[in-house]
Structures are given as C-alpha cells and as structure tokens.
Amino acid sequence: MKLKIWLPVLCLCGSVLGGYAQQEEEQEQDTPVKKVNFQVLMQNATPLQKNKLMQLRSLAQTKRFSFTPRVTDVLGADLSVITGYKADKTLTADKMQKQIEAANKSLSEAKEGGNVTTFSSTPPPPVFRTPGLPTIRNQQSCGSCWAFAACAAAEISFRKKYSYRTNLAEQQLVDCATPAFDGCSGFFSEGAMAYMQFFGVLYETRYEYDARDNNRCRDNVAKRKHKLLAWSWLDANPFNMDDAVAIKRAVMRYGSVTCGIVATDAFCSYGGNEEEVFDEIAPQDFKSENVNHAVVIVGWDNGKGAWLVRNSWGTGWGNDGYAWVKYRHNGIGFNAVWVSGKKTWTND
C-alpha cells in the first residue's frame, strides 16, 4: 500500500494493531565515531570551497556571527541534494490536533501516561543532553534528511525506553514511504513516522542505504521490522517555536524531537568547535517553504541559549555531526515531533 492511499487518514489513526509475535532481539554495536580533522579539510579544500569560505567569513563579520565559518565536508555542496525537508502542504491545525489526540490515546492505552503537550510538570534543567546516542549517519547526495531524522528519533526512543540498540533502514523509507518512489527528492518526516507506525521498518543490514531513488519498494519481504507506538506534533501550530519547555520535556521523555530548520551555506560551514553556537538569523517572517532540512534536537544548554542538534551529514560537519543552534534561529523547532517506539519486532 502506497503512502498516497493512507496518508490522508494518518492523523485519525493513533495506535498500532496488536497481536504481533515477539521475536528474538537483534542488537548492534555502535561503531566508533571517526574523528575528522578540520585543518586537513582546509588544506584539501577545493577552489570552490575556498571562495565560499571567504564569502562566509566576510558575512560572519558583517552579521557578527558568534561562530567561525570553516571548511566542512558539505561546504559548497548543492543544498537541494543534501537537505530534503518539504512541509506537508495538506497539513491543517485540525489534522494536527487529531493526531495529538490519537497519540494521547495510544500513550494511555499503553499505560505510558502523560500528555502530549505537557509530558511532565517538572521544570526542565538548565542543561541536558540525551546520553548514549546512536552513531552519526550520512545521507550523502540524496534529499533524505526527513528519513534520517525519523529513523534517528525512533532509534533514540528504543534506546531510551528499552536499552535496545539498532540501526534502522533509511533507504526503505526513501523507497517506500513516498508516493512516487522518489524519496531523494524530499519529503516530510511525519510521513516516514506514519509509515513506520503502520508498516514497520527493517534493520539497515537488511535494506542497505545507497543514497538514490531505486524506483521500487522492496518492503514485501518477510523480515523483522520495528514499529512505533505513537508519534505526534507538540503543538497544532507548526510555527510555535517559542514553546521551548514543551520541546525540552519531550526530549527528556523520549530522547529527542525531530524538527525543521532553514539550512544555508552558513549552516554548511559550521564545524569543529564544541563551544561555538550557530546563530545565523533567518528572516523572522519566514514561511514553511523556507524550511528545507530536518534535524533532531537531543539536548540544550540555557547558558549557551541553544539546542543541541543532531544532523545527518556525517562527522565532517559540526562537532562530530552535532551543532549548538541558538534558540529560535533559522526556524529551529519548526514542526517539532516526538516518537515513541513499540517493543515488537515482527515478521509480518
């Protein structure tokens, strides 16, 4: 069944059908993160990258960025092929509210408790970082950030809830979760989450990533799959990025939230320093079509005034693939969504 058939009703369905046989857990060991030497990247920079860096450093002085642009693995890349987030044009506040209500129902039935919009009355701490995160992935030259964000959130939820480690198959979502088998052309993470909730997603080793549109879905094989118990927006207004408390409470409960950001050339140049905060300012009246990239929030630091953001550009960007992004800058927090994994690995 393709997405164009079931997507219009995804907000009306909040729980996964039960009755799946429990399978033997199959976990994976995290591979060590390969450190990238940004000085070497600078030494090996292409003429295009050097020219881009010179422009961005001039811009950084004019705009008074608090970070120093650097040569990264994605500096000078075509943003259209290393991002891929596209807002759902059919989305309405009513659909979002129905999904919030359905997720609340799923949480209640699973006896997980809590409310989507509050989670807890405990004030979030000033500094928090989700521990034990999965290895950073790399979407390469495919507009599949939406799939990587969704899989990362699911993997983090499994770790948070069950201490269960796995690497999920982004390529399956690229091939199967979009209407025209063209996931490298971009999509929205909520569509991937709905697909995972209803159909499940395989292990990476059973549906390996090749960073391209294969023009067919291979999700008809009887292999072990992972599903979601529930997923939901934090708010029925996707532009409500000021509700940092709701995001923080969701991160504390499920380990992460996915969201959109306006990725720019300056964002591509962020790298190599844990102390620096990305603080480019996108226009305050930006529209949803300006949000072009999906990332995952996994922590925050009020002293820095920033979110800790997990990206899908490998470790040759940011601080080993992560970045501190200033609150409310470049649309960070747009369309914030959490996911809750379900402990059933199935062969259906």
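**Charged pairs, core and spaces**

A: Let us begin with Asp94, which has a relative accessibility of 46% and counts as partly exposed. Please keep in mind that this is a predicted model.

Q: Which residue does the side chain of Asp94 meet in a salt bridge?

A: The partner of Asp94 is Lys98, and the N to O distance is 3.4 Å. Lys98 is partly exposed too, with a relative accessible area of 35%.

Q: And why are Lys98 and Asp94 separated by about one helical turn?

A: Both belong to helix α5 (residues 93-109), and they are about one helical turn apart because they lie four residues from each other in that helix. As a general point, side chains of opposite charge can pair when their charged atoms come close.

Q: How many salt bridges are found in the whole structure?

A: The search gives 10 salt bridges.

Q: What does Glu112 pair with?

A: Glu112 forms a salt bridge with Lys161, and their closest N and O atoms are 2.4 Å apart. This pair links distant parts of the chain, 49 residues apart: Glu112 sits in the loop between α5 and β1 (127-129), while Lys161 is in helix α6 (residues 145-162). Glu112 has a relative accessible area of 25% and is partly exposed; Lys161 is partly exposed, also with 25%.

Q: What about Glu274, which side chain does it meet?

A: The side chain of Glu274 meets that of Arg129 in a salt bridge, at 3.0 Å from N to O. Arg129 is partly exposed at 44% relative accessible area, and Glu274 is partly exposed at 25%.

Q: Which residues are linked in a network of salt bridges?

A: Glu275, Asp301 and Lys304 are linked in such a network.

Q: Changing topic: which residues touch the most other members of the largest nonpolar core?

A: They are Leu173, Leu234, Ile297, Trp307, Ile332 and Trp338, in a core of 107 residues. Helix α6 contributes the most to this core, namely 12 residues. In soluble globular proteins, nonpolar side chains tend to be buried together.

Q: What classes of residue line the second largest cavity?

A: Its lining has six nonpolar, two polar and two charged residues.

Q: And how much space lies in the largest pocket?

A: The largest pocket holds about 270 Å³. Of its 17 lining residues, Ala87, Asp88, Lys89, Ser288 and Glu289 lie nearest the centre. Two or more lining residues come from each of α5 and β8 (334-346). By class, this lining divides into 10 nonpolar, three polar and four charged residues.

Q: Which residues lie nearest the centre of the second largest pocket?

A: These are Ile136, Arg137, Asn138, Gln140 and Phe148, among 15 lining residues. This pocket has a volume of about 220 Å³, and its lining has five nonpolar, six polar and four charged residues.

Terms used:
Residues numbered from 1 in each chain as written. Predicted model: local features only at pLDDT ≥ 70, side-chain atom pairs only at ≥ 80, totals over all residues. Heavy atoms only, no water. Salt bridge = Lys/Arg side-chain N within 4 Å of Asp/Glu carboxyl O. Buried < 20%, exposed > 50% of the residue type's maximum accessible area, 1.4 Å probe, protein only. Core = buried A, V, L, I, M, F, W, Y, C linked by side-chain atoms within 4.5 Å. Nonpolar A, V, L, I, M, F, W, Y, C, P; charged D, E, K, R; others polar. 1 Å grid on protein atoms, 1.4 Å probe; cavity = no way out; pocket = protein on both sides within 12 Å on 5 of 7 lines; lining within 4 Å. Points joined across faces, edges and corners; volume = space filled by probe spheres on them.
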